[in-house]
Amino acid sequence: MLAVYCDTLDALGHAGGDAHPDIPAALEMIDAQLGRIVEATQDAGIYGRTAFVVMGDHGMTTFDKGFADEALHPGPRPHRVAAAGRVTAARAVGTEP
Ligand SMILES: [Zn+2]
């Protein structure tokens, strides 16, 4: 098993949104690197018995409304989590609940 992580596209998207001007070049670079991996399996004679799984941690679409505020911070409207008797809180990485 070979696992490869490429954070370039994710970092660009977080830095400048889905319209970041460097995204097309990053996609071409990632595509070329994936091609190198495929070619390596062909050269090694294992292409026919190799599964390629390519995935991302999330999509990258610019939006101006999310659900976090509504889900985590009950407002004046009835709130499903609060209505269920649960307490919500936002947690940051590295903090204890
Ligand atoms: Zn991300």
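## A glycine after α2

Just after α2, G45 adopts a positive phi of about 75°. Helices such as this one are DSSP runs (H or I, at least four residues), while strands are runs of E with at least two residues, and numbering starts from the N terminus.

A word on the model: it is predicted, so local features need pLDDT of at least 70, side-chain atom pairs count only at pLDDT 80 or more, and totals for chains, interfaces and linings use all residues. Residues are numbered from 1 along each chain as its sequence is written.

## The overall picture

The protein has four helices and zero strands, in the order α-α-α-α from the N terminus on. Of its 97 residues, 1% are buried. Here, buried is defined as 20 or more other C-beta atoms within 10 Å of a residue's own, exposed as 12 or fewer, and partly exposed as in between, with C-beta atoms placed from the backbone.

## Helix α2

Helix α2 covers residues 23–43, 21 residues in total. From its first C-alpha to its last it reaches 30 Å, close to the 30 Å expected at 1.5 Å a residue (that is, 1.5 Å times one less than its number of residues). The number of buried residues among the 21 of α2 is zero, so this helix lies largely in the open.

## Two contacts across the sequence

Look next at G17, in the loop between α1 (8–16) and α2. G17 counts as partly exposed because it has 13 C-beta neighbours inside 10 Å.

V4 sits in the segment before α1. With 9 other C-beta atoms within 10 Å, V4 is exposed. V4 and V54 are 50 residues apart in sequence, and their C-alpha atoms are 9.4 Å apart in space.
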